[in-house]
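Please have the sequence and the model at hand.

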Amino acid sequence: MRAQHTTHSLPAFPVYSCAFVASDQMVVGGGGGAAKTGIKNKLRLFNVSQDRQLKMLYEHELEKGEDAPMSIAAHPESRSFVCGINSSEERLKKGENENCRVFSISESGNAYDRSLIKGATQGTLTSGALEDYQRVTVLSPDGKLLAVAGERDLSLLAFPSLSPVAQSVQVPKGEIYDATFSSTHLVLATSLNLLVYALPKPPLEDSGEKSPKKRKGKQKGKGKEKEVPSRTPSQTFELRLVDTIDVPLVPGVPAQSVVTFRAARFHPSDYNTLFTAVNTVAPRVKKSKTGKKQAYILKWRVNLLGEQNSTRSISVEGSRKAGEGGLTCFDISPNGKFLAFGSSDYSLGMLDSTSLSPLLSILKAHEFPITTVRFSPTSTLLVSGGADNSIRIVTVPEKFTGQPWTMIIILALFVILVAFLLQKYIRET
């Protein structure tokens with residue numbers, strides 16, 4: 001079965017981020033950015049049907065001068081999400097940037113009557129950094145921790161209060177591009193390496209105190225998440241760096257190529273498996289202005305539970321060329337079966353997560369480089385967005401047609417067999 005896909009035009013709305021807040025609802029961030037383009041920056045809530053139809057439920061216009069929502073992470077169970085939105089330039093200059101913001105979705109009796117309610121806010125970027133923005137927004141699997149990052153600043157916050165649970169980290173070199181959680185660790189993908197941090201334990205576990213039998217306050221209930229307790233400044237953890245993984249040698253990449261990490265994702269149900277996207281630039285050859293660019297997906301086998309370096313391990317066990325040009329965005333389906341990526345050459349692709357075999361390729365999915373890709377919670381839809389004012393919705397088939405590489409190998413073996421038998425027949429006659 002071939003994947004069916006539909007493009008939706010969104011006039012005057014360049015798309016930079018998106019996330020599913022339910023199996024059939026998606027929030028999208030976009031606009032003209034901080035520049036005075038005349039295009040307003042907004043958050044839009046859409047209903048997304050299984051037959052790839054799109055219906056806008058609500059539109060939230062940001063304040064004048066604020067930037068476009070550049071990254072979003074959603075928690076479908078609590079019907080809330082967090083996004084990175086820079087405050088106005090005037091507030092940035094005063095050191096008052098509320099770049100990290102939580103929103104919840106208010107519902108009424110009408111299925112199409114929705115609104116967004118603004119919740120907690122937090123400033124996490126270096127004060128006065130006018131060009132920096134929150135490019136990474138990632139929730140932990142249990143929805144209790146939130147990792148947000150700019151170009152070099154990483155913050156670990158409690159969700160949804162946005163209270164710090166660890167001291168912020170500033171990477172000494174390279175740019176931060178992505179982050180991914182396991183149940184015990186946080187892996188930060190920078191352009192130069194993977195930084196592996198041990199997650200802090202709750203305060204009571206750290207101090208060795210016993211948990212009281214009963215505590216006052218909110219109890220866990222339907223649709224509510226039990227939040228990780230925040231800490232006072234004197235209690236705040238210092239994130240412990242337990243490993244640094246440099247960019248590996250990638251099969252097929254010419255020597256002396258520049259190789260950089262672009263994204264990282266743990267397998268959602270197997271934290272011993274990690275996927276990374278890397279971009280490569282080959283050395284420039286004669287009569288060429290720039291080096292050839294290519295992208296690869298790497299599959300790693302990891303064991304991070306050991307206390308000593310000798311008992312921890314991480315190694316590449318597979319790789320697949322993802323295309324020409326650099327990868328711009330990456331995602332793994334909630335069921336762990338599929339890997340999706342968008343590229344600077346406007347293409348959208350999908351791989352099988354087990355074999356890294358190609359499953360889908362749309363060569364010109366957008367008119368500009370793809371800015372965001374996201375699977376639905378049911379892993380049945382894939383959404384991509386771009387600055388070309390459009391969203392593409394792809395139906396993920398329950399079963400893909402025979403793998404092209406498998407068919408090519410079978411055909412090649414058949415040709416070899418026929419040639420061998422023909423040659424044997426000629427000799428005998």
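The report below covers the sheet, then the cysteines.

This is a predicted model, in which local features need pLDDT of at least 70, side-chain atom pairs count only at pLDDT 80 or more, and totals for chains, interfaces and linings use all residues. Residues are numbered from 1 along each chain as its sequence is written, and side-chain values use heavy atoms, with hydrogens and water left out.

**The sheet**

Four strands make up an open, antiparallel sheet, in the order S22-S23-S24-S25. Strands here are DSSP runs (E, at least two residues), numbered from the N terminus, and two of them pair if DSSP finds at least two bridges between them. At the edges lie strand S22 (327-332) and strand S25 (358-362), each pairing on one side only. From one strand to the next, the twist averages 15°, an angle that runs from 0 to 180 degrees between the N-to-C directions of lines fitted to C-alpha atoms.

Five antiparallel bridges join strand S23 (residues 338-343) to strand S24 (residues 348-352). Leu339 has Leu351 in S24 as its bridge partner.

**The cysteines**

How many disulfides does a search of the whole structure find? The search finds zero, where a disulfide is a pair of cysteine sulfur atoms within 2.5 Å.

| Cysteine | Closest cysteine sulfur | Relative accessible area |
|---|---|---|
| Cys83 | Cys100, 8.0 Å | 0% |
| Cys329 | Cys18, 8.8 Å | 10% |

The sulfur of Cys83 is too far from that of Cys100 for a bond, and the sulfur of Cys329 is likewise too far from that of Cys18. Cys83 is buried, and Cys329 is buried too; buried means under 20% relative accessible area, with a 1.4 Å probe and protein chains only.

Key
Buried means under 20% relative accessible area, exposed over 50%, partly exposed in between (1.4 Å probe, protein chains only).
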